[in-house]
Amino acid sequence: MRTRIPALATAALSSVLVLSGTATAAPLDMNAPYARAAARVSADGTLLATKNIASAARFNGQPAGYYCVQVSDPTIDLRNAAVLATVNNMRAMITAIPNSSCNGQNRTITIVTTNHSNTPADVPFTVAVL
């Protein structure tokens, strides 16, 4: 014997699926015991894993390869910190510049990534503040 789902229930279920969309997962906690702050960032600027990082995003109005990473811990003074950055799984170059302001935010690091031809390119990276 087949059970039929009433049309009203089917419509309600369909509307819930359409309204819910896809949720963006929160970044994972980063295992970086010797870093004061660290982040793994995707090529589009999405935070994948963090430790004491508030946000990461593409730099407003800049071409590909420019990112802002904001440190969340107000006790970290980027002017006196060692900041290290590396590209993830690619042949590319990276520059990390501790700033006082990036995208209008304080306590930030500007990251610039370039491809092997030294042309700005969106590249996944990891940054750490020691």
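I started at Asp122, which is partly exposed with a relative accessible area of 33%. The model I am reading is a predicted one.

**Entry: salt bridges**

I searched the whole structure for salt bridges and got 2. I took Asp122 up again: it pairs with Arg58, and the closest N and O atoms lie 3.4 Å apart. I then looked up where the two partners sit. Asp122 is in the loop between strand S8 (108-114) and strand S9 (125-129), while Arg58 belongs to strand S4 (residues 53-58). The two are 64 residues apart, so I noted the pair as a link between distant parts of the chain. For Arg58 I read a relative accessibility of 26%, which counts as partly exposed.

I went on to Arg79, which forms a salt bridge with Asp77; here the closest N and O atoms are 3.0 Å apart. I checked accessibility for both partners. Arg79 is exposed at 71%, because the cut-off for exposed is over 50%. Asp77 is partly exposed at 26%.

**Entry: Thr114**

I looked up Thr114 and found it in strand S8.

I next listed the surroundings of Thr114. Its side chain makes a polar contact with the side chain of Asn118, at 3.4 Å. Leaving aside residues up to four places away in sequence, I found Thr114 touching Ala92, Met93, Thr119, Pro120 and Ala121.

How values were computed
Residues are numbered from 1 along each chain as its sequence is written. This is a predicted model: local features need pLDDT of at least 70, side-chain atom pairs count only at pLDDT 80 or more; totals for chains, interfaces and linings use all residues. Side-chain values use heavy atoms; hydrogens and water are left out. A salt bridge is a side-chain nitrogen of Lys or Arg within 4 Å of a carboxyl oxygen of Asp or Glu. Helices (H or I, at least four residues) and strands (E, at least two) are DSSP runs, numbered from the N terminus. Buried means under 20% relative accessible area, exposed over 50%, partly exposed in between (1.4 Å probe, protein chains only). A polar contact is a pair of N or O atoms within 3.5 Å; within protein, one must be able to donate a hydrogen and the other to accept it, and residues adjacent in sequence count only if both atoms are side-chain atoms. Contact means heavy atoms within 4.5 Å.
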